[in-house]
Amino acid sequence: MQVVDVAPIPTSLPKMSRLGDLLVAGGVITPQQLEEALTYQRSKGGRLGICLIRLGYLTEDVLHSVLTRQFGVALMDLSESAIDPEVVKLLPRELAVRYQVVPVRRTGNVLSVALNDPNDVVLLDELRFRTGCKIIEPLLARESQIREAIDKYYGTPKELELQNLLEDMPQNAESDPESLQIVAEEEMNLDAEALKEQSEEAPIIRLVNFILVDSLRSGASDIHIEPFERELRVRFRTDGILKTVMSPAVKLKDAMTSRIKIMARMNISEKRLPQDGRIRIRTRLEGKIKEIDFRVSVLPTLFGEKIVLRLLDKQNLMFDMMRLGFEPESLKKFERAIHKPFGMVLVTGPTGSGKTNTLYSAITQLNKPETNIMTAEDPVEFNLPGINQVQIFDQVGLTFAATLRSFLRQDPNIILVGEIRDLETAEIAIKASLTGHLVLSTLHTNDAPGTISRLLNMGIEPFLVATSVQLICAQRLVRRICKNCKQEVELPPHAVLAELGFEPQEIDTLRVFRGAGCKICNGTGYKGRVGLYEVMEITSEIKEAIIRNATSVELRRVAVENGMITLRRSGLQKVRDEMTTIEEVVRETVH
């Protein structure tokens, strides 16, 4: 057990049993603050000390100083203490959660427990009765550390739910690798009815439902279910980072796959070809009914079918362009371009960089009763009211190019093309933009100037690119610092900051922050994401450079001279605004 130092308190505190009176008498809080805290306690519940902390009238260190002095108990650091699991078993998890207490040590009939109110006589009596120990020694601990210790030694609610699910699974397969291999070979020959029957066993249904709902609770954007020779791995992508969340038994592979394929209306007997589908679920989350779509992709791999489910939660779409992460001057340029009656606006970036969100935000802003907006998407991720959306279906000839040709006969004002993949689609999109239509689309390029080179390499004439393209927006997503555990850290050396791109005058006033890691952000220090944007407006100088076949490097130089904020500069601005870390900016951008 490690005892920690606490903040000093007034030496004139009298010896009295009521915490509120004690704090008022010592001048730590005022009578008015005590009255407010008591009112707050009556309406919200909780211990008085915690209520005072939540109201900002008291710090946790001062509270612990008062309690340790008044009641003669030690303050322990649970994060640095190892607890014997046998001691933890003396108290059931539900009681530990209800009373916020953790057993830490037993010596004969004396049980030491960590809690945050050593003066709770009723609780101490209850612990004597429940544990059978005659003497309960109270030890003071921080509220956050008690919660973390309960999850560590008893398991989180999610871990307990998963454990119960897996315990319910059929135990009819051997555990040695050779038997697993034999089972896998036999299951390859099962017919569709056998696969369907296996997938509809109650534990399999509950396990798949648990994975889907847990991905929502975790704020994940994708679920990866991956079969290997001796392992079945489930990973969630949260804030752009993949993390393993569970490893069910390999014998459950085919049953889980079949269950998901049935939910996505796929052919469960076809295991040799890729398949795509969609799942829509309705669930209650945090007291609210949520409807979520999952875009499902199944791909045959060496040891089975890998499944990736993309969560499509319309409530997470951010249509307010001010909150996406645009710098004010970049946002003005972007909005000016999308409000023009014709021309082409391109949004570029790798998969998962938020291009769809940016385009949907743009057409939502343009969606008026007098405007005909038509989109060609593969796939249609979200249904937007008032907008005519077409799902591309290459197998029957409904390609982007064919759809675009049909659009031009549908009297559109604004056309959104999900992606320009080939010369034919690019030529039709440019033709549309030059004949009185506003065309929005995406390309997979690294930056805004590189998009021009990509179009030219496709075979588009330079003069057509220069006259049709109005603006190019390149973007990335970086993780936001968790607001709950955000803290200032030491500034890197000036030479390093200058090399990253900070100006000398910026370095003098710069403060950098990082998330320490907490329960809210699952210990990562990050929660949510924000966009970095490189907006290149096609000015007359850039048009001239395009027509004379300038390189991407020269286009970048001209664009910066015309006021373009690069992805790296956008990232450094987010660091200055205390939104993200230097590490995130370096990970996603180049100088």
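Predicted model: local features only at pLDDT ≥ 70, side-chain atom pairs only at ≥ 80, totals over all residues.
Me: What makes up the chain in terms of helices and strands?
Reply: The chain has 25 helices and 18 strands. Buried residues make up 48% of its 591 residues. Among contacts with a separation of 6 or more, 64% are between residues 24 or more positions apart.

Me: Why is Ser453 called buried?
Reply: Its relative accessible area is 19%. Buried means under 20%. Ser453 therefore counts as buried. The residue sits in helix H18, residues 448–458.

Me: What makes the pair Ser453 and Ser552 a polar contact?
Reply: Their side chains are joined at 2.7 Å. The cut-off for the N or O atoms is within 3.5 Å. The distance of 2.7 Å meets it, so the pair counts as a polar contact.

Me: Why are H14 and H15 called oblique?
Reply: Helix H14 (residues 328–338) and helix H15 (residues 355–366) pack at about 55°. Roughly parallel needs under 35 degrees, and roughly perpendicular begins at 65. About 55° lies between these limits, so the pair is oblique. The axes are 11 Å apart. This crossing is right-handed. Phe334, Glu335 and Ile338 of H14 make the contact with Thr358, Ala362, Gln365 and Leu366 of H15.

Me: What makes H16 roughly parallel to H17?
Reply: The axes of H16 (residues 400–407) and H17 cross at roughly 20°. The limit is under 35 degrees, so H16 is roughly parallel to H17. The axes come within 8 Å. The crossing of H16 and H17 is left-handed. On the H16 side stand Phe400, Ala401, Leu404 and Arg405, and they meet Glu424, Thr425, Ile428 and Ala429 in H17.

Me: How do you know that Glu86 and Lys89 meet in a salt bridge?
Reply: Their side chains come to 3.2 Å, N to O. The cut-off is within 4 Å, so the pair qualifies. Side chains of opposite charge can pair when their charged atoms come close.

Me: Why does Lys89 count as exposed?
Reply: Its relative accessibility is 60%. Exposed means over 50%, so Lys89 passes.

Me: What makes Asp293 and Arg278 a salt bridge?
Reply: The closest N and O atoms are 3.5 Å apart. That is within 4 Å, so the label holds. Asp293 lies in strand E8 (residues 288–301) and Arg278 in strand E7 (residues 275–285), so the pair ties together parts 15 residues apart in sequence.

Me: Why are Asp378 and Arg421 called partly exposed?
Reply: Asp378 is at 33% relative accessibility, and Arg421 has a relative accessible area of 38%. Both values fall between 20% and 50%, so each residue is partly exposed.

Me: How many salt bridges does this rule give?
Reply: The count comes to 35.

Me: Why is Ser81 called buried?
Reply: Its relative accessible area is 8%. The limit is under 20%, so Ser81 is buried. Ser81 is in the loop between helix H4 (60–71) and helix H5 (85–88). Its C-alpha atom is separated by 8.6 Å from that of Val104, 23 residues apart along the chain.

Technical notes: Residues numbered from 1 in each chain as written. Heavy atoms only, no water. Helix = DSSP H or I, 4+ residues; strand = E, 2+ residues; numbered from the N terminus. Buried < 20%, exposed > 50% of the residue type's maximum accessible area, 1.4 Å probe, protein only. Polar contact = N/O pair within 3.5 Å; in protein donor to acceptor, adjacent residues only side chain to side chain. Axes fitted to C-alpha atoms, helices over the stretch in contact; angles between N-to-C directions. Parallel < 35°, antiparallel > 145°, perpendicular 65-115°, else oblique. Left-handed = near helix turned anticlockwise from the far one by under 90°. Contact = heavy atoms within 4.5 Å.
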